[in-house]
Amino acid sequence: MGLASILSATDISASGLAAERLRMEVIANNIANAHSTRGANGGPFRRQEVVFRAAFDQAGLAGENFRGVQVVAVQPDQSELPRVYRPGHPDADADGFITMPNVRIPNEMVDLITASRGYEANLRMLRSFREMANNTLDILRGA
Amino acid sequence: MALPSVASEGSHGGPGLSASTRFWRNTADARITLMSPNYDADTTGMSVIPSQFDLIRNLLDATAARQRVTSQNIANVNTPGYKAREVNFEDQLARALARPGDSNGILDLAPEVRFQDGLVERLDGNNVDIDRELGRSQKNTLLHNTYVRILSTKISTLRSAISGR
């Protein structure tokens with residue numbers, strides 16, 4: 001067993017940390033733009049969603065080929081945009097309605113909590129792995 | 001030598017013989033077959049026998065693999081459709097120990113990765129139970145530390161034998 005493979009559990013946890021942090025960033029961006037009626041493509045802001053995929057070297061169950069989690073895409077949520085009656089708004093149409101972003105704050109908060117818990121769990125795995133690795137390396141020191 | 005899931009298997013072997021005792025007795029058998037015919041079985045635990053290091057290395061490999069698998073499960077706690085895996089080594093070890101006279105097979109055991117069963121799937125098809133995984137990781141770390149301690153004790157015994165102090 002090579003050193004790279006001994007330390008590969010670190011990479012797995014690191015991929016989890018990176019993925020959960022990206023998810024938190026996207027959620028923060030969604031919340032920040034919950035009322036942005038002018039998004040990047042002209043229309044109102046659309047809620048962004050992160051797509052995760054479990055990463056393997058090859059498909060299969062052998063122990064050596066785990067590569068953690070992979071962020072495949074950050075995609076706009078295509079659900080319907082709510083229309084709100086705000087006649088005084090600069091973006092209101094002829095009937096006085098504006099189209100708002102499809103961001104729902106409670107949903108985003110729930111996602112934020114799961115992302116944060118996921119991040120903590122990955123961090124804890126990293127710590128316990130470090131403890132294991134340090135103990136193993138102590139053999140070299142001649143305990 | 002603590003091997004919880006093996007020790008709980010009471011159906012194997014003779015009465016009054018714990019799994020760990022059988023484990024070391026079987027490795028003693030393995031040593032005897034490896035050595036010359038007039039080699040006396042080591043009863044002091046002082047002799048330098050590679051198979052003991054190999055066995056501990058096997059156990060360490062299993063804990064390292066389990067750590068990777070648990071990390072993978074936790075990294076994918078929010079991946080839709082992901083199914084939790086686990087490492088099965090102690091069951092294999094118990095089966096190998098139950099085989100009469102076939103103790104050399106113990107050294108050829110490799111940790112096997114399989115899907116966990118009996119878990120409740122969430123709506124997104126993911127069945128990772130984060131508390132279970134964290135508990136598993138804690139237990140695995142303790143096991144790993146135990147094996148490392150055994151190994152380093154063996155090495156320091158060896159060192160004091162070499163240095164003669």
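Predicted model: local features only at pLDDT ≥ 70, side-chain atom pairs only at ≥ 80, totals over all residues.
Residues are numbered from 1 along each chain as its sequence is written, and chains are lettered from A and ligands numbered from 1 in the order in which they are written.

- Leaving aside residues up to four places away in sequence, B:Tyr147 touches B:Ile56, B:Leu59, B:Leu60 and B:Thr63, and two residues are in contact if their C-beta atoms, placed from the backbone, lie within 7 Å.

**The two chains**

- Chain A has three helices and four strands, which run α-α-β-β-β-β-α from the N terminus on.
- Chain B has five helices and two strands, and along the sequence these follow the pattern α-α-α-β-α-β-α.
- Of the 143 residues of chain A, 24% count as buried, and of the 165 residues of chain B, 33% do; a residue is buried if 20 or more other C-beta atoms lie within 10 Å of its own, exposed if 12 or fewer, and partly exposed in between, with C-beta atoms placed from the backbone.

**Where the chains meet**

- In the contact between the chains, 33 residues of chain B meet 32 residues of chain A.
- On the side of chain B that touches chain A, helix H3 (50–75), strand E1 (85–88), strand E2 (112–115) and helix H5 (130–163) each supply at least two residues, and H5(B) gives the most, with 12 residues.
- The axes of H3(A) and H5(B) come within 9 Å and cross at roughly 5 degrees, axes being lines fitted to C-alpha atoms, for helices over the stretch in contact, with angles that run from 0 to 180 degrees between N-to-C directions.
- H3(A) is therefore roughly parallel to H5(B), since angles under 35 degrees count as roughly parallel, over 145 as roughly antiparallel, 65 to 115 as roughly perpendicular and the rest as oblique.

**Helix packing within chain A**

- Helix H2 (residues 8–32) and helix H3 (residues 105–141) of chain A pack at an angle of about 160 degrees, with their axes 9 Å apart, and H2(A) and H3(A) are therefore roughly antiparallel to each other.
- A:Met109 lies in helix H3 of chain A and is exposed, because 11 other C-beta atoms lie within 10 Å.
- A:Met109 and A:Ile31 are 78 residues apart in sequence, and their C-alpha atoms are 8.7 Å apart in space.
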